[in-house]
Amino acid sequence: MTAPAGSALRAAFETYASYDELLAHVRAGELGPDPATQRIAVAFTTRQAVRHDGRGTGYRNEVLSLRLAEAVGSCAVEPGALPDRAVEDCVGADVARLLEHPLLPVRVAALDAYLMHVIPHTPGNGASPFSLPAGTSLEKSRARAKAVVELLDLPADATVLVVGVVNSLLEALRTRGLSYVPCDLKGGLTEWDEAVVTDALAAADRCDALLISGMTLGNGTFEPLRRHALRHGKRLVMFAQTGSAVLPRFLGHGVSAVCAEPYPFFWLDGGPGTVHRYGGPCPEGGR
């Protein structure tokens, strides 16, 4: 557990060298109240299909969300992958029990809800709010993409690995003239008929920076990618509806910046919203 002193990446809160280390401190009650005393009041899933007006392709989302007091923690799953009993397992359960749940998405959502409760996204906790204006789903998607891509401090010839393909993010990278390798477990093609690779670690070696969805927390692929970025001094920016309160805890330990977007997500309504950005400039020696 460290907070890198004298670094541009210095966080306004304690940070952790790995997911397991963070989890151990939470279980021990070192970040706030004993998780065994904190109960989930509401558990729900959000299922969504989207095809923005003017776009040729669409996608589906399914997200498990848990309400702890005023906070909501979330973890996205592949559509149809979450059994119905998961919601029933969560409601009324204490956080400590859910941190031991056999389903990884439940454990991630519970950890996110707990951290959102004890370390909310506020300037005092290191977050910089970024307003999303009201608009159509595509307008809000593009506004969110701008907030994310601005966190990439890269030279014009850099190539970015994008894990979790979002066409608005790719569009924002194209606008900046940055090359990218799209990656998603589902494979397929992007809006511009580019092949989507499925092995993120294999693709990471030929990229200068990583732009990664928080969904990687829920499918167990986050830690290998974080370690890759740390080992090679590459910039790693997270866009996080999943684990928005979890991922800022790894700033300076492979994670360079986070665009945190807790529930309710931008695609749920057309009104104004806010995302919360964390992070600093490129690590010394990295790209």
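Predicted model: local features only at pLDDT ≥ 70, side-chain atom pairs only at ≥ 80, totals over all residues.
Cys259 counts as buried because its relative accessibility is 2%.

I then counted disulfides and found 0 in the structure. Cys75 is in none, and its nearest cysteine sulfur, in Cys90, is 11 Å away. Cys75 has 0% relative accessibility, so I noted it as buried.

Next I went through the salt bridges, of which the structure holds 13. I picked several of them.

I checked Arg47 and found it paired with Glu62, with 3.7 Å between the closest N and O atoms. Arg47 is in strand β1 (residues 42–50) and Glu62 in strand β2 (residues 59–68), so I logged a link between distant parts of the chain, 15 residues apart. Arg47 is exposed at 59% relative accessibility, while Glu62 is buried at 5%.

I turned to Glu171, which meets Arg142 in a salt bridge of 2.8 Å, N to O. Because Glu171 sits in helix α6 (residues 167–175) and Arg142 in helix α5 (residues 137–149), this pair ties together parts 29 residues apart in sequence. I noted Arg142 as partly exposed, with a relative accessible area of 40%.

Also from helix α5, I looked up Arg144. Arg144 forms a salt bridge with Glu261, the closest N and O atoms being 3.1 Å apart. Glu261 lies in the loop between β9 (257–260) and β10 (273–279), so the tied parts are 117 residues apart in sequence. I found both Arg144 and Glu261 buried.

Last, I recorded a network of salt bridges that links Glu78, Asp184 and Lys186.

Note on methods. Residues numbered from 1 in each chain as written. Heavy atoms only, no water. Disulfide = S-S within 2.5 Å. Buried < 20%, exposed > 50% of the residue type's maximum accessible area, 1.4 Å probe, protein only. Salt bridge = Lys/Arg side-chain N within 4 Å of Asp/Glu carboxyl O. Helix = DSSP H or I, 4+ residues; strand = E, 2+ residues; numbered from the N terminus.
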